[in-house]
Amino acid sequence: WIAREVPRLHRTIPRRLPAHVEPLTFTLTDISFTLTPREVDVFQGALAAFGPAVEGRGETMPQVEIVDFVGSNLGLYVPSSDRVLLARSTLSTPRTFYGFLAHEIAHRQGADGDAAHRAAIEDIMGRVIAGLLGGA
């Protein structure tokens with residue numbers, strides 16, 4: 001997603017979200033106005049690392065949005081729009097954000113606890129690590 005398109009400057013207000021999600025989300029270009037420079041770096045670094053990893057699986061990178069959830073939810077995959085919604089708090093460290101991002105993208109393969117979901121997390125993270133180390 002990030003490698004193919006530079007997002008436009010806007011705030012996205014989704015039409016329909018689950019009841020536990022506040023409707024205000026932020027796209028990449030809003031981040032510099034809302035998040036700290038460190039959070040922006042984590043977000044951009046993750047998209048740069050995950051794009052090739054996900055595409056290497058024969059998939060497209062989903063749209064990733066930073067949201068303020070109501071309650072304790074930290075991430076959500078929305079299959080109908082192929083979006084990953086992640087709480088701002090997951091941007092605290094690359095390790096945290098990368099873990100949640102891999103987990104939510106892997107929901108394309110199954111629910112929490114499914115063998116296919118776990119295998120997808122492992123494959124995605126293996127590809128991200130290999131990409132960061134310069135390997136195939």
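Analyst: Tyr-98 is buried, because its relative accessible area is 13% and buried means under 20%, exposed over 50% and partly exposed in between, with a 1.4 Å probe and protein chains only. This is a predicted model, in which local features need pLDDT of at least 70 and side-chain atom pairs count only at pLDDT 80 or more, while totals for chains, interfaces and linings use all residues. Residues are numbered from 1 along each chain as its sequence is written, and side-chain values use heavy atoms, with hydrogens and water left out.

User: What makes Phe-50 buried or exposed?

Analyst: Phe-50 has a relative accessibility of 0% and therefore counts as buried.

User: How many aromatic pairs does a search of the whole structure find?

Analyst: The search finds two aromatic pairs. Rings of Phe, Tyr and Trp (its six-membered ring) pair if their centres lie within 6.5 Å; planes under 30 degrees apart count as stacked, over 60 as edge-to-face and the rest as tilted. Phe-43 and Phe-97 have ring centres 6.0 Å apart and planes at 50°, so this pair is tilted. Phe-43 lies in helix α2 and Phe-97 in helix α3 (residues 94-105), so the pair ties together parts that are 54 residues apart in sequence. Both Phe-43 and Phe-97 are buried.

User: Why is the pair of Phe-50 and Tyr-98 called edge-to-face?

Analyst: The planes of Phe-50 and Tyr-98 stand at 85°, with 5.5 Å centre to centre; the pair is edge-to-face because the cut-off for that class is over 60 degrees. Phe-50 in helix α2 and Tyr-98 in helix α3 are 48 residues apart, and their pair links distant parts of the chain.

User: How do you know whether Glu-39 is buried or exposed, and which residues does Glu-39 contact beyond its neighbours within four places in sequence?

Analyst: Glu-39 has 13% relative accessibility and so counts as buried. Glu-39 is placed in helix α2 (residues 37-56). With those neighbours left aside, Glu-39 is in contact (heavy atoms within 4.5 Å) with Arg-88 and Leu-91.

User: Why is Asp-82 called partly exposed?

Analyst: The relative accessible area of Asp-82 is 21%, which falls between the 20% and 50% limits, so the residue is partly exposed. Asp-82 sits in the loop between β4 (75-78) and β5 (83-87), and its phi is near 50°, a positive value in a residue other than glycine.

User: Which pattern do the elements follow along the sequence?

Analyst: The pattern is β-β-α-α-β-β-β-α-α, from four helices and five strands. Helices (H or I, at least four residues) and strands (E, at least two) are DSSP runs, numbered from the N terminus.
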